[in-house]
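Thanks for passing this one along. Here are my notes, written to be read beside the coordinates.

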Amino acid sequence: MDKEQIQNYIAKRVAKELKDGDIVNLGIGLPTRVANFLPDDIDITLQSENGFTGLGPTPQNDEIDETIVNAGGQLVTVLPGGCFFDSATSFGIIRGGHVDISVLGALQVDEKGNIANYLIPGKMVPGMGGAMDLVTGAKKVIVAMEHTSKGVIKILKQCSLPLTAVNAVDLIITEMGVIEVTTSGLSLIEINPEYSLNEIITATEAELHINLI
């Protein structure tokens, strides 16, 4: 699979985790693609941390409104019934525990559910944004990311980069499979048939308990 196919595969798989009535926050980058694959038969409200609910799919050329962007500055749509509000209200929703699922990317995740997703030492970054709030305020945290980065392993025994949050991740979804974070470590519960079990184990530093459903 090329990069576009990989990211769409991950986004489609994340969408299957969302349930009717969920309030969901999609992080910048790959997670925003999830909005393009939501099932038609269930009602899901997407919240954007920069101040609105009712986030819709990526706009077509005739739908573009340059005043409507998500937290990453990408052009987005707002569905009927959407609501705009200030940052204080937005983070009141997040910190108040009203977000059911937070979907975000990561630089590293480890076997304890620790996540590092905002800083590589020595590189300029704009800051972590709302990531620290989202991974601690949401009821469930899903990391949606490519399994490795240019061959560098991202699912580790222990994160080496500065942490965004500790013991926060519930599920890791990559192009290779689905990994559940449990009290006894990482449990591989689903494999993308395009990859072998050995390929997944080789691309993962942390020990994987194999519990395929």
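The points below go through charge pairs, cysteines and strand pairing.

1. **Ground rules.** This is a predicted model, in which local features need pLDDT of at least 70 and side-chain atom pairs count only at pLDDT 80 or more, while totals for chains, interfaces and linings use all residues. Residues are numbered from 1 along each chain as its sequence is written, and side-chain values use heavy atoms, with hydrogens and water left out.

2. **Cysteines.** If you plan to set up bonds, note that the structure holds zero disulfides, a disulfide being a pair of cysteine sulfur atoms within 2.5 Å. Cys83 is partly exposed at a relative accessible area of 37%, whereas Cys159 is buried at 11%. Here buried stands for under 20% relative accessible area, exposed for over 50%, and partly exposed for anything in between, with a 1.4 Å probe and protein chains only.

3. **Salt bridges, and the pair Glu146–Lys3.** There are seven salt bridges in the structure, each defined as a side-chain nitrogen of Lys or Arg within 4 Å of a carboxyl oxygen of Asp or Glu. In one of them, the side chains of Glu146 and Lys3 meet at 2.6 Å, N to O. Glu146 sits in the loop between strand E8 (140–144) and strand E9 (148–149) and Lys3 in helix H1 (residues 3–15), so this pair ties together parts 143 residues apart in sequence. Helices (H or I, at least four residues) and strands (E, at least two) are DSSP runs, numbered from the N terminus. Glu146 counts as buried, at 17% relative accessibility, while Lys3 counts as exposed, at 53%.

4. **Glu4–Arg33.** Helix H1 also supplies Glu4, whose side chain meets that of Arg33 in a salt bridge of 3.2 Å, N to O. Arg33 belongs to the loop between strand E1 (23–26) and strand E2 (45–48), and the two residues are 29 apart in the chain. Glu4 is partly exposed, with 45% relative accessibility.

5. Which residue does Arg13 form a salt bridge with? The partner is Glu190, with the closest N and O atoms 2.9 Å apart. This pair links helix H1 to strand E14 (residues 185–191), across 177 residues. Arg13 is buried at 11% relative accessible area, and Glu190 is partly exposed at 28%.

6. **Asp22, worth a look.** Asp22 lies in the loop between H1 and E1. Asp22 is buried yet has no salt bridge, and the nearest side chain of opposite charge, Lys19, is 6.2 Å away. For that charge count, Lys and Arg are positive and Asp and Glu negative, with His and the chain ends not counted. The Asp22 side chain does reach the backbone nitrogen of Lys19, at 2.7 Å. This is a polar contact (a pair of N or O atoms within 3.5 Å; within protein, one must be able to donate a hydrogen and the other to accept it, and residues adjacent in sequence count only if both atoms are side-chain atoms). Beyond neighbours within four places in sequence, Asp22 is in contact (heavy atoms within 4.5 Å) with residues including Glu17, Asp43 and Asp100.

7. **Around E14.** Five of the seven residues of E14 are buried. E14 pairs with strand E13 (residues 177–182) in the antiparallel sense over six bridges, where pairing requires at least two bridges found by DSSP between two strands. These two strands form a hairpin with two residues between them, and Gly177 has Ile191 as its bridge partner. E14 also runs parallel to strand E15 (residues 208–210), joined by three bridges, with Leu186 partnered by Leu208.

8. **Parallel neighbours of E1.** E1 pairs in the parallel sense with E2 over three bridges, and Ile23 stands opposite Thr45.

9. **A three-stranded sheet.** An open sheet runs in the order E7-E6-E11, with mixed pairing. Strand E7 (115–116) and strand E11 (155–156) are at the edges, each with a single partner strand, so one side of each has no neighbour in the sheet. Strand E6 (residues 108–110) and E7 are antiparallel and joined by two bridges, and Val109 stands opposite Ile115.
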